[in-house]
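I opened a new page for this model. Below are my notes on what I looked up.

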Amino acid sequence: MVASIKQGQDSLNRLKVEYNELEHLARQIDQALATIPFTDRQEAKRLIEEYCG
């Protein structure tokens with residue numbers, strides 16, 4: 001039982017790391033989009049949504 005709790009904690013920690021990495025990437029994308037003129041930004045967002053879900 002202790003091993004299974006430890007395994008669950010390890011899985012949770014990995015998920016937290018992945019979540020933090022995704023948040024960081026999202027911030028970088030937002031910053032990059034902010035440098036694009038507005039009309040092109042709308043098209044960039046559409047393409048990102050189309051290809052990334």
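How many positive and negative side chains does the chain have, and how far apart do the centres of the two sets lie? I found 7 positive and 9 negative side chains, with the two centres 6 Å apart. Lys and Arg count as positive, Asp and Glu as negative, while His and the chain ends are not counted. I took the place of a charge as NZ of Lys, CZ of Arg, CG of Asp or CD of Glu.

I noted the ground rules next. This is a predicted model, in which local features need pLDDT of at least 70 and side-chain atom pairs count only at pLDDT 80 or more, whereas totals for chains, interfaces and linings use all residues. Residues are numbered from 1 along each chain as its sequence is written, and side-chain values use heavy atoms, with hydrogens and water left out.

Then I looked at the overall form. The chain has 2 helices and 0 strands (DSSP runs, H or I of at least four residues for helices and E of at least two for strands, numbered from the N terminus). Its C-alpha trace spans about 55 × 20 × 10 Å along the principal axes. Buried residues, those under 20% relative accessible area with a 1.4 Å probe and protein chains only, make up 4% of the 53 residues.

Last, I turned to helix α2. I noted Y51 within helix α2. Y51 and A34 are 17 residues apart in sequence, and their C-alpha atoms are 20 Å apart in space. Just after α2, G53 takes a positive phi of about 100 degrees.

Terms used:
Buried < 20%, exposed > 50% of the residue type's maximum accessible area, 1.4 Å probe, protein only.
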